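Q: Could you take me through this model? I would like the overall picture and then some particular side chains.

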Amino acid sequence: MEKVKKIVSVRNAHGVKVKRCCASCQNKEIDLEGNRICKLMQLIVEQKFRCKDWQMSDGMRNAGLPNGGVVRLKEIVII
């Protein structure tokens, strides 16, 4: 049986919930082929990967700012 990792969330200074994973990390890069690369480990990683050196990205830190930080929520469309 495979062990399931729990996704941990933190809140930024503006109260917006941010998932603690590679997708929201300051140390990620995307190469020309679309692969996510950790700048610290120099490895191709998955979106949900999380290491001990995770740092919130600038975009996530600014989410919820009164003058420009945009939080987009998924809208539910009922037909």
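A: The answers below go from the chain as a whole to single residues.

Q: What should I know about the model and its numbering?
A: This is a predicted model, in which local features need pLDDT of at least 70 and side-chain atom pairs count only at pLDDT 80 or more, while totals for chains, interfaces and linings use all residues. Residues are numbered from 1 along each chain as its sequence is written, and side-chain values use heavy atoms, with hydrogens and water left out.

Q: Which helices and strands does the protein chain have, and in what order?
A: The protein chain has 1 helix and 5 strands, and from the N terminus the order is β-β-β-β-β-α. Both kinds of element are DSSP runs numbered from the N terminus: helices are H or I with at least four residues, strands are E with at least two.

Q: How many residues are there, and what percentage count as buried?
A: The protein chain has 79 residues, and 22% of them count as buried. Buried means under 20% relative accessible area, exposed means over 50%, and partly exposed lies in between (1.4 Å probe, protein chains only).

Q: And what is the accessible surface?
A: The accessible surface of the protein chain is about 7000 Å², with 54% of it belonging to carbon and sulfur atoms. Such areas come from the Shrake-Rupley method with a 1.4 Å probe, and for residues only the protein chains shown count as cover.

Q: Moving to Ser24, where is it?
A: Ser24 sits in the loop between β2 (17-19) and β3 (28-30).

Q: Is Ser24 buried or exposed, and what does its side chain reach?
A: Ser24 is buried, at a relative accessible area of 5%. Its side chain reaches the backbone oxygen of Lys19 at 2.5 Å.

Q: Which residues does Ser24 touch?
A: Leaving aside residues up to four places away in sequence, Ser24 touches Val18, Lys19, Trp54, Gln55, Met56, Ser57 and Met60. Contact here means heavy atoms within 4.5 Å.

Q: How many disulfides are there?
A: The search of the whole structure finds 0 disulfides, a disulfide being a pair of cysteine sulfur atoms within 2.5 Å. Cys21 is in none, and the nearest cysteine sulfur, that of Cys22, is 7.3 Å away.

Q: What about salt bridges, how many?
A: The count is 2 salt bridges, where a salt bridge is a side-chain nitrogen of Lys or Arg within 4 Å of a carboxyl oxygen of Asp or Glu. The side chains of Asp58 and Arg61 form one, at 2.9 Å from N to O, and those of Asp53 and Lys52 meet in another at 3.7 Å.

Q: Where do Asp58 and Arg61 lie?
A: Both lie in helix α1 (residues 58-62), 3 residues apart, about one turn of the helix. Asp58 is partly exposed at 43% relative accessibility, and Arg61 is partly exposed at 39%.

Q: And are Asp53 and Lys52 buried, partly exposed or exposed?
A: Asp53 is partly exposed, with a relative accessible area of 35%, whereas Lys52 counts as exposed at 73%.

Q: Finally, where does Leu43 lie?
A: Leu43 lies in strand β5 (residues 43-44), and its relative accessible area of 46% makes it partly exposed.

Conventions:
A polar contact is a pair of N or O atoms within 3.5 Å; within protein, one must be able to donate a hydrogen and the other to accept it, and residues adjacent in sequence count only if both atoms are side-chain atoms.
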